[in-house]
Amino acid sequence: MNKIALFAAAAVTAVALGSTAAQAQNVTGTIDLTGSVSAKCVVDPGNGSTFGDTVNFGELAQANGTLRSGLVSDFGTRSFTVKCNGTNPQISVDADPLATAASPDTGYDNSIDYTASVAVVAVGTNNGPFINASSAAPSALAAVGSRLANSASNVNITTSGYHTNALTDLLVASPTYTGKITVVIAPN
Amino acid sequence: MHRMQRERILQMGLAPAALAALLAVPGAAHAATTPITAYYPETGVPVGAPAQAVMQIPVTASIGGVCGFVPGNAPNGTIDAGQIDVSGWSGQVPFTVRCTAPWRIAVSSLNGALATPGPDVTGYTRRAPYDVKLHVNADGGIVERACAVALIDQAAGVTACDFEGTASPANGLLLQRSYDLAGSYIQASAPAYAGSDILVAGTYGDTLTVSVSPAS
C-alpha cells in the first residue's frame, strides 16, 4: 500500500519535469546593427556641393558717367536651399568688387565696392546675417548658432552700399565689370 | 494463506499496472493511490465485499517539442550598414535550428529603426528605416517573410508583421520542423536614406533579438 503511493508520487514528478523542460525552450540570438551619417551640407535640389546665380546689372553708369543707383534692387535677394545635418554649421562670406582691368586715371574708378549679406533660417539661435564688404578681407567661418532649418530658401543673399572710391568718380569704360560673392557653408 | 496475507498480495499485485499508467497520466495518479481491497470468497468475508478489483486507467502520452539553435549557430553577429545616407546596405546573419516539431520564430527591434540619440528637431530625423527578412529552411522548403523594422519595434504593439515580438508557443512565424537544416538567415537592408527629413549626423544603431520556441 505504501509502496504504491510512493511509486505514484515519483511518476507524477517525472512527467511534470519532462513537460516543463519542453516548454522552456525559448532561445534567442542577438544582432547588432551599426551605421553612420557624417556631417555634411548639400544643396537642394540635387544634393550637390555648389549653388550659384548670375546677376547682370547692365549699364552701371548713369548719364554723367558716375555710378548709377538701383543696383541693390537689381540684385534683390538671391535665395538658395542648403541642407546641413550638423548641429551648428559655419558660414563665411567673401565679396569681390565689381571691377574691370582697365586702369583708372585720377577722377576715375574701375571698381565698385559693396557689402554682401548672407542671412540664414535657423532652428534656434541665429548669429546671422553674415556680412562682408568687398573692400575688406573675407570673413572667417562663423557659427550659425544652431541647425539650419530644413526649409526651402533658407539661405538668402542681399547686397548694399554700392559705391566708387569717390562719389564723383567716373566709371572707366569697359565692356565687362565682374564681381563675385563666395559663400561657404560648412557642416559642423 | 492467511486472509490478510492474501489481501496484501492483491494490493501489491496492482502496483505494476498502476505504475505503468501513472507514468503516462499524471492527472490520474492521485486517484490510483486510493487502496482497493478485494477478498477471496471464503468465510468471514464482509457482506458485499468485492471479489475483484477493477481499475480503468486511460493511458495517453506525448513528446514535447524541443526547439533551439544549434550550439554555435545562433543568429549572433553585427551588421555594419556604413554611411546609411550615402548608399544602400544589406547584411545577413545565418543560423541553424534544431526543432523537432512545428515551431515559431520571432524578431524584435530595440529601436524600430537605425537610430541615434538626441532631441527631435523639426525637419530632421534621428531614425532611419530598414527592412528585416527571415529566410528559414524548414521541412517543406524555404519560408521567407519580410517586414519593415518599425513593425517589430518593441514598443510598436500589435502590428501586421507575423514574426513580431518574442517567440512563444502561440506567437511568431509558424514553421514546420527544422532539424539541422542549413541555409537559414536573417537579413537587414535598406536603400540609401532618401526621406524628406534630414538625417542628423551621428552614429546609428539598433539591436535585433531573434527567438524561437516550440509551437503549441
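Residues count from 1 along each chain as its sequence is written, while chains get letters from A and ligands numbers from 1 in the order in which they are written. Because the model is predicted, local features need pLDDT of at least 70 and side-chain atom pairs count only at pLDDT 80 or more, but totals for chains, interfaces and linings use all residues.

**Exercise 1.** Find out which stretch of chain B has a pLDDT below 50.

*Solution.* Start with the term: pLDDT is the predictor's confidence in each residue, from 0 to 100. Chain B averages 84, and 83% of its residues score at least 70. A word of caution: where pLDDT is low, the predicted coordinates should not be read in detail.

**Exercise 2.** Work out which residues of strand β13 in chain B lie on its covered face.

*Solution.* First, strands are DSSP runs of E with at least two residues, and helices are runs of H or I with at least four, numbered from the N terminus. Chain B has 3 helices and 15 strands. Next, recall that in a regular strand the side chains alternate between the two faces of the sheet. Now read along β13(B), residues 184-190: Ser184(B), Ile186(B), Ala188(B) and Ala190(B) are on the covered face, with Tyr185(B), Gln187(B) and Ser189(B) on the uncovered one.

**Exercise 3.** Decide whether Val27(A) is buried, partly exposed or exposed, and list its contacts.

*Solution.* Locate Val27(A) first: strand β1 of chain A, residues 27-37. Buried takes 20 or more other C-beta atoms within 10 Å, exposed 12 or fewer, and partly exposed is in between, with C-beta atoms placed from the backbone. Val27(A) has 16 such neighbours, so it's partly exposed. Leaving aside neighbours within four places in sequence, Val27(A) touches Gly68(B), Phe69(B), Ser211(B) and Val212(B). One of these, Phe69(B), stands opposite Val97(B) in β4(B).

Conventions. Contact = placed C-beta atoms within 7 Å. Pairing = 2+ DSSP bridges.
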